[in-house]
Amino acid sequence: MYKNFVIRLGYPTQNLTLPASTNHTLRLSNLPNAAKVRGLIRENIADLARILLWNSERDIALFRMGQSLIPFASHPEFPYNWAVEHGEELREVGEIAIDHGIRLSMHPGQFIQPASPNPAVVEHSLLELRYVARAFDLMHASDAVMVLHMGGAYGDPATTAARFIEVLSQEPDVLRYLALENDERVWSVPETSDTAAALGIPAIVDAFHHGFNTGGLTLSEALDLALPTWGNRRPKLHLSSQDPNKRPGAHAYSISTNDWKLLLEALESREADIMIEAKSKELALANLEIR
DNA sequence: AGATGTCAAGCGGAT
DNA sequence: ATCCGCTTGACATCT
């Protein structure tokens, strides 16, 4: 049914209307309390199921799960084998997504630095990426996307990009889901697209970040470069708007009409899955006219 | 009871 | 040289 839409929309982490969150977590000091951890994970999975059903009733075809779906999943002190104990629950919630044609994603955060010169940071980062791949596997989420920034450049972007490629080329399980997103300071679309191409994976254009760090490209040119990296998969994009009362780069409550119009114009008739990153989460989708 | 500050992790940039 | 922001919920500690 969703194939009828050229543009599909989604939102991250939580639903304010229900309300429901896939990002319930706990303090590290409480991690030894396995009963507490189990309960939180079941709460995240139950809320994910509620969100997926809510989305399906409104033809919302994308959802980004919270990175704490399994809190501290990659931490060495995690108290039990989460993939075994929650495997069936993850399979069941994954089936809801499949049944309703909803594409899932996750977005490991700023501490994930696979190109770090520090081997310990690289290893922690890989553990986190493998957690995401494992969760997707257990959910049978074959079209899911693991969205990642390339992290620091350590004063030498070319060498760092080469190291990023070298490290991740050893991670076939991660590469099946991984996509590289441009950021507002360090890595622009031409750089993420080149790195992604070298790894045989796609690049996500974040239209808002692109405005701060264009790499010399218009938005339209950036899309021309990144969209083909998706091959025959539906391309993913990110969109957000500037909060007028906060520092440059801060996400607004909703999407400005102009930003939406500019992205649609740059896309022309091409299809895309657009993740809407707004403080008002699912509420921000209501004003966006899709084709 | 309610408000506040801190919590695993790493970067780049502002000051 | 130090600090802040990235994002959000949990929760220890305070009033």
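1. Basis. The model is predicted, so that local features need pLDDT of at least 70 and side-chain atom pairs count only at pLDDT 80 or more, while totals for chains, interfaces and linings use all residues. Residues are numbered from 1 along each chain as its sequence is written, chains are lettered from A and ligands numbered from 1 in the order in which they are written, and side-chain values use heavy atoms, with hydrogens and water left out.

2. Of the atoms of DNA strand B that come within 4 Å of the protein, 44% belong to sugar and phosphate. By class, the surface near DNA strand B comprises 7 nonpolar, 5 polar and 2 charged residues, where Ala, Val, Leu, Ile, Met, Phe, Trp, Tyr, Cys and Pro count as nonpolar, Asp, Glu, Lys and Arg as charged, and the others, Gly among them, as polar.

3. Atom pairs at DNA strand B. An N or O atom in the side chain of Arg27 is 2.6 Å from a base oxygen of DNA strand B. Phosphate oxygens of DNA strand B are approached by the side chain of Ser116, through an N or O atom at 2.8 Å, and by a polar side-chain atom of Tyr154 at 2.9 Å.

4. Surroundings of DNA strand C. Sugar and phosphate supply 73% of the atoms of DNA strand C that come within 4 Å of the protein, and the surface near DNA strand C has 1 nonpolar, 7 polar and 5 charged residues.

5. Atom pairs at DNA strand C. The side chain of Arg27 has an N or O atom 2.9 Å from a base oxygen of DNA strand C. For phosphate oxygens of DNA strand C, the corresponding distances are 3.2 Å to the side chain of Asn30 and 3.5 Å to that of Lys279.

6. Thr160. This residue lies in helix 5 (residues 157-168) and is buried, with a relative accessible area of 2%; buried means under 20%, computed with a 1.4 Å probe on protein chains only. Its side chain reaches the backbone oxygen of Ala153 at 2.7 Å. Leaving aside neighbours within four places in sequence, Thr160 is in contact (heavy atoms within 4.5 Å) with Ala115, Gly152, Ala153, Tyr154 and Trp187.

Conventions:
Near = heavy atom within 4 Å. Polar contact = N/O pair within 3.5 Å; in protein donor to acceptor, adjacent residues only side chain to side chain. Helix = DSSP H or I, 4+ residues; strand = E, 2+ residues; numbered from the N terminus. Buried < 20%, exposed > 50% of the residue type's maximum accessible area, 1.4 Å probe, protein only.
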